[in-house]
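Biologist: Can you put the model up and take me through it? Start with whatever terms we need.

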Amino acid sequence: MSGYRCQICGRRKSLRKNGMVTCHYVGAAPCPGSGFPPIEHDDGCLFQRAAKAESDFQRAYDAVRRLEDARANWIDPALFIRRAALASHAVKLERRLKRHLDWPARYRRSIARQMERQGYAWAEPPPLYLVEREVVSSEP
């Protein structure tokens, strides 16, 4: 088993020789995280995908809202289905991003709790770039 996770789906995948995640599928469709660095090395793809998912949802929401405001006689049910699917995808990526950014704080709490209960700690440390980003943001 590989120790590297895909930025988008979170699955552990192996890396290519160039350090990118190998091609893999999620729900019978190619995962958009294929060909990007794993989450342990970079999180740029996750930020971009989360922003794009949010903007796609907003556009779908606005399209349905315009039709509702215009009191259209018929609104295609596919628009509602698409809007719900986009909302689900945007929320999922937002939760993944929030959990990823909370990794250093969760790690510190986990280490303290394990040391208190067991006398030793076994937790996966956060990537160095996240720790450095947290230190920079906490400085006055």
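Modeller: Contact here means heavy atoms within 4.5 Å. With that, residues 24 or more positions apart account for 48% of the contacts in the protein chain with a separation of 6 or more. One caution on provenance: this is a predicted model, where local features need pLDDT of at least 70 and side-chain atom pairs count only at pLDDT 80 or more, while totals for chains, interfaces and linings use all residues. Numbering runs from 1 along each chain as its sequence is written, and side-chain values use heavy atoms, with hydrogens and water left out.

Biologist: How many helices and strands does the protein chain have, and in what order do the elements run?

Modeller: There are four helices and four strands; helices (H or I, at least four residues) and strands (E, at least two) are DSSP runs, numbered from the N terminus. The order from the N terminus is β-β-β-β-α-α-α-α. The radius of gyration, taken over C-alpha atoms, is 20 Å, well over the 14 Å that the globule rule (2.2 Å times the number of residues to the power 0.38) gives for 140 residues, so the protein chain is more spread out than a compact globule.

Biologist: What box do the C-alpha atoms fill, and what share of the residues is buried?

Modeller: Along the principal axes the box is roughly 65 × 40 × 30 Å. Of the 140 residues, 28% count as buried; buried means under 20% relative accessible area, exposed over 50%, partly exposed in between, with a 1.4 Å probe and protein chains only.

Biologist: Now alanine 53. Where is it, and is it buried or exposed?

Modeller: Alanine 53 is in helix 1, residues 44-69. Alanine 53 is buried, at a relative accessible area of 4%.

Biologist: Which residues does alanine 53 touch?

Modeller: Not counting residues up to four places away in sequence, alanine 53 touches His89, Ala90 and Leu93. Valine 91 is 38 residues from alanine 53 in sequence, and their C-alpha atoms are 8.7 Å apart.

Biologist: Leucine 101 next. Which helix, and what is it in contact with?

Modeller: Leucine 101 is in helix 2, residues 77-101, and is partly exposed at 37% relative accessibility. Leaving aside neighbours within four places in sequence, leucine 101 contacts Asp43, Phe47, Leu130 and Arg133. For leucine 101 and arginine 133, 32 residues apart along the chain, the C-alpha separation is 9.5 Å.

Biologist: Switching topic: how many aromatic pairs does the structure hold?

Modeller: One. The rings of phenylalanine 57 and tyrosine 61 have centres 6.0 Å apart and planes at 40 degrees, so the pair is tilted. Rings of Phe, Tyr and Trp (its six-membered ring) pair if their centres lie within 6.5 Å; planes under 30 degrees apart count as stacked, over 60 as edge-to-face and the rest as tilted.

Biologist: How far apart are phenylalanine 57 and tyrosine 61 in helix 1?

Modeller: Four residues, so about one helical turn separates them. Phenylalanine 57 is buried at 18%, whereas tyrosine 61 is partly exposed at 33%.
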